[in-house]
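Have your viewer open and be ready to select residues as we go.

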Amino acid sequence: MAVQGKEHAPDAVLRALADPHRRQILRLVQHTELAAGQIAAAFPLTQQAVSQHIGVLKQAGLLHERREGVRRLYTMRHEALEPVRRVMSEFWPDALGRLKQAVESAHPQPPQREP
């Protein structure tokens, strides 16, 4: 059953993240606010196609929109990823710890010099 209005469920977020263009949009606005035109300029897509991707991200709760006159400015809503993190932790317990251990064993830190 689809949720009316903004969806913050992990399914909506995962569907939004499934598209590489949408992931790239999130990378662009991850740490800064950009206008829709600035986002569209980063893609070889029509402005309408980018607007549709932005709409999916907004619907999933991943983007915050602020209007400034006629401009629409977007930033990422990092907290929208929390439901996905909870779901992933159910299926992948301690995965980050294991990954950290594997990386550290494959790439040991060089001994530190004493001053």
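A salt bridge is a side-chain nitrogen of Lys or Arg within 4 Å of a carboxyl oxygen of Asp or Glu. Side chains of opposite charge can pair when their charged atoms come close. This is a predicted model, in which local features need pLDDT of at least 70 and side-chain atom pairs count only at pLDDT 80 or more, while totals for chains, interfaces and linings use all residues. Residues are numbered from 1 along each chain as its sequence is written, and side-chain values use heavy atoms, leaving out hydrogens and water.

How many salt bridges does the structure hold? There are 9.

**Stop one.** Select Arg-85 and Glu-82: their closest N and O atoms are 2.7 Å apart, forming a salt bridge. Both residues sit in helix H5 (residues 82–91), 3 residues apart, about one turn of the helix. Helices here are DSSP runs of H or I with at least four residues, numbered from the N terminus. Arg-85 is partly exposed at 47% relative accessibility, and Glu-82 is partly exposed at 29%. (Buried means under 20% relative accessible area, exposed over 50%, and partly exposed in between, with a 1.4 Å probe and protein chains only.)

**Stop two.** Now select Glu-65, which is partly exposed at 21%. Its side chain meets that of Arg-67 in a salt bridge (3.2 Å, N to O). Glu-65 also pairs with Arg-72, at 3.9 Å from N to O. Is Arg-67 buried or exposed? Arg-67 is exposed, at 55%, whereas Arg-72 is partly exposed, at 34%.

**Stop three.** Finally, select Glu-33, Arg-66, Glu-68 and Arg-71 together: salt bridges link them in a network.

Definitions and conventions
Helices (H or I, at least four residues) and strands (E, at least two) are DSSP runs, numbered from the N terminus.
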